Amino acid sequence: MAIPSYGSLQNKSNSEYRCNQATKLQATYSSPDCLINFIDQGNGTYAIKNVANNQYYQCHITTMVDEVTGPCQQWRLLSISGNEYYVQNVSNNEYMTSSASKLSSSSGPNEVWIIVAQ
């Protein structure tokens with residue numbers, strides 16, 4: 001599946017969405033709060049920008065930033081099957097997880113994200 005330009009990130013294990021707050025997931029999808037712009041960085045990685053606050057997720061998962069300055073704001077979207085992915089940071093090789101304020105050093109069921117085109 002090709003990565004859409006705009007979509008949502010829903011965690012498979014808890015069905016919650018990554019939205020416009022770095023330290024909190026949201027139980028239901030709402031736009032633009034949970035709308036994500038996946039920006040191809042041209043090297044197999046993506047900058048992940050929230051549409052509501054125009055900020056990027058980064059390797060310091062408890063904060064978001066206004067611009068992409070390097071690998072800390074770049075993510076690998078590693079296909080598992082269909083629209084399921086691991087979301088791995090380029091800088092520290094850690095994965096987004098079902099806990100909004102933590103990254104994980106290993107991939108497993110809590111690190112699976114469903115990307116739905118919006």
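Two strands are taken to pair if DSSP finds at least two bridges between them. By that criterion, strand 4 and strand 5 (residues 46-50) of this predicted model are paired, since five bridges join them, and they run antiparallel. Within this pairing, phenylalanine 38 has isoleucine 48 of strand 5 as its bridge partner. The two strands form a hairpin with five residues between them, and glycine 42 in the turn has a positive phi of about 80 degrees. Strand 4 also pairs with strand 1 (residues 6-11), again in the antiparallel sense, over two bridges, and here isoleucine 36 of strand 4 stands opposite glycine 7.

The covalent links come next, and the structure holds two disulfides. Counting bonded cysteines along the chain, the pattern of the disulfides is 1-2, 3-4. One of these links joins cysteine 19 to cysteine 34, with an S to S distance of 1.9 Å, and it is right-handed, with 85 degrees about the S-S bond. This pair links distant parts of the chain, with cysteine 19 in the loop between strand 2 (17-18) and strand 3 (25-26) and cysteine 34, 15 residues apart from it, in the loop between strand 3 and strand 4 (36-40). Both cysteine 19 and cysteine 34 are buried.

A disulfide also joins cysteine 59 to cysteine 72, where the S to S distance is 1.9 Å. The torsion about the S-S bond of cysteine 59 and cysteine 72 is about -90 degrees, so this disulfide is left-handed. Because cysteine 59 lies in the loop between strand 6 (55-57) and strand 7 (64-65), and cysteine 72 in the loop between strand 7 and strand 8 (75-81), the pair ties together parts that are 13 residues apart in sequence. Cysteine 59 and cysteine 72 are both buried.

Some backbone details deserve attention as well. Most residues other than glycine have a negative phi, and most peptide bonds are trans. Against that background, the peptide bond from serine 31 to proline 32 is cis, with omega near 10 degrees, and proline 32 lies in the loop between strand 3 and strand 4. Asparagine 54, in the loop between strand 5 and strand 6, has a positive phi near 55 degrees, and its relative accessible area of 44% makes asparagine 54 partly exposed. Asparagine 93 likewise has a positive phi, near 60 degrees, and is found in the loop between strand 9 (84-89) and strand 10 (95-96); at 39% relative accessibility, asparagine 93 counts as partly exposed.

Which residues have the most contacts inside the largest nonpolar core? This core has 20 residues, and those with the most contacts inside it are Leu9, Phe38, Ile48, Trp75, Leu77, Val87 and Met96. At least two residues of this core are supplied by each of strand 4, strand 5, strand 8, strand 9 and strand 12 (112-117).

With a relative accessible area of 10%, glutamine 88 is buried. A polar atom of its side chain lies 3.2 Å from the backbone oxygen of asparagine 93, and the side chain of glutamine 88 makes a polar contact with the side chain of tyrosine 95 at 3.3 Å. Not counting residues up to four places away in sequence, the residues touched by glutamine 88 include Gln74, Trp75, Arg76 and Leu78.

The aromatic rings complete the picture, and a search of the whole structure finds two aromatic pairs. The rings of tyrosine 17 and tyrosine 29 have their centres 5.6 Å apart and their planes at 65 degrees, so this pair is edge-to-face. As tyrosine 17 lies in strand 2 and tyrosine 29 in the loop between strand 3 and strand 4, the pair ties together parts that are 12 residues apart in sequence. Tyrosine 17 is buried, with a relative accessible area of 13%, whereas tyrosine 29, at 27% relative accessibility, counts as partly exposed. Tyrosine 86 and tyrosine 95 also form an edge-to-face pair, with 5.8 Å from centre to centre and 70 degrees between the planes. Tyrosine 95, which contacts glutamine 88 through its side chain, counts as buried at 12% relative accessibility.

Definitions and conventions:
Residues are numbered from 1 along each chain as its sequence is written. Side-chain values use heavy atoms; hydrogens and water are left out. A disulfide is a pair of cysteine sulfur atoms within 2.5 Å. Helices (H or I, at least four residues) and strands (E, at least two) are DSSP runs, numbered from the N terminus. Buried means under 20% relative accessible area, exposed over 50%, partly exposed in between (1.4 Å probe, protein chains only). A nonpolar core is a set of buried Ala, Val, Leu, Ile, Met, Phe, Trp, Tyr and Cys residues joined through side-chain atoms within 4.5 Å. A polar contact is a pair of N or O atoms within 3.5 Å; within protein, one must be able to donate a hydrogen and the other to accept it, and residues adjacent in sequence count only if both atoms are side-chain atoms. Contact means heavy atoms within 4.5 Å. Rings of Phe, Tyr and Trp (its six-membered ring) pair if their centres lie within 6.5 Å; planes under 30 degrees apart count as stacked, over 60 as edge-to-face and the rest as tilted.
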